[in-house]
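Here's a quick briefing to read with the model open beside you.

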Amino acid sequence: MSVKIAPSILAGDLGNLRQEVERAEKGGADIIHLDVMDGHFAPNITFGAGTVKALRGYSNLPFDAHLMISDPLLYLGSFIDAGCDIISVHAEVCTSGIFAKIMDRLKSRGRKVGIALNPGTDLPEWLMQSLDSIDLLNVMSVQPGFSGQKFMPDVLPKMSRISEMLQQRGLDIAIEADGGVDASNAYELVRAGARILVAGNAVYGGADAAKAIEELRAKAMLAIREV
């Protein structure tokens, strides 16, 4: 059993994203996390598929695109073509029918399927029928919009409930913790079921990304050994 560290490049130097991708990879990251916002679903605009495609040539790590956008189906193909390996859409903008189309397109192109939940959103009823087709469940611990927000500990019980439900159903779905993740809460998040830690400021807020990733991994593995 292991935990993967996924630095969010949105917290890095936006004027030199290539450097931030390479810094994360050299520092021991497992995944590159890409926060895509449209200024509508999330009150900020970040970058699009063109930027992701330009960065794809500078890393061998999996690209994890978190689409915080109102119409993910419209732009899904662009992010697939850009080289994303995992693409997560938000439950709040989906219906059963829309998500079925998203899953079909991702699976047909060999991509992993993710679904993200805002802090106040529980697993919708329609999603329960599709859980066996999902690879990743992003349980957000901040409101979508901006990097650097404080972690909301209220999400921990929800994450624990989801983790227990997945185990009871025998489903191999990675829970991703996203929002204010750092060395002070990594242990609690992993104990609650997280197996992917998205870290922005925790990795890019200091000069030594490798040290920050090492600290996160150490806290995470401490929790794993106690599970």
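The lining of the largest pocket draws at least two residues each from helix H6 (155-169), strand E7 (174-178), helix H7 (186-191) and strand E8 (194-199). Helices (H or I, at least four residues) and strands (E, at least two) are DSSP runs, numbered from the N terminus. Bear in mind that this is a predicted model, where local features need pLDDT of at least 70 and side-chain atom pairs count only at pLDDT 80 or more, while totals for chains, interfaces and linings use all residues. Residue numbers start from 1 along each chain as its sequence is written, and side-chain values use heavy atoms, with hydrogens and water left out.

**Pockets**

- A pocket here is an open set of points on a 1 Å grid over the protein atoms alone, where a 1.4 Å probe fits, with protein on both sides within 12 Å along at least five of seven lines; lining residues have an atom within 4 Å of a point.
- The largest pocket comes out at about 730 Å³, with volume meaning the space filled by probe spheres set on the points, which are joined across faces, edges and corners.
- It has 29 lining residues, and Asp172, Ile173, Ala174, Ile175 and Arg195 are the closest to its centre.
- H6 gives the largest share of that lining, five residues.
- By class, the lining of the largest pocket has 14 nonpolar, six polar and nine charged residues (Ala, Val, Leu, Ile, Met, Phe, Trp, Tyr, Cys and Pro count as nonpolar, Asp, Glu, Lys and Arg as charged, and the others, Gly among them, as polar).
- The second largest pocket has a volume of about 290 Å³; of its 24 lining residues, Ser147, Gly148, Gly179, Gly180 and Gly200 sit closest to the centre.
- Strand E2 (32-37), E8 and helix H8 (201-204) each supply at least two residues of the second largest pocket's lining.

**Sheet**

- Eight strands make an open sheet in the order E1-E8-E7-E6-E5-E4-E3-E2, with parallel pairing (two strands pair if DSSP finds at least two bridges between them).
- Strand E1 (4-7) and E2 are at the edges with a single partner strand each, so one side of each has no neighbour in the sheet.
- Four bridges join E1 to E8, and Pro7 has Ala199 in E8 as its bridge partner.

**Helix packing**

- H6 packs on the sheet, touching E5, strand E6 (136-140), E7 and E8 (contact means heavy atoms within 4.5 Å).

**Charge pairs**

- There are seven salt bridges, each a side-chain nitrogen of Lys or Arg within 4 Å of a carboxyl oxygen of Asp or Glu.
- In one of them, Glu22 pairs with Arg18, the closest N and O atoms being 3.1 Å apart.
- Glu22 and Arg18 are about one helical turn apart because they are four residues apart in helix H1 (residues 17-26).

Definitions and conventions. Axes fitted to C-alpha atoms, helices over the stretch in contact; angles between N-to-C directions.
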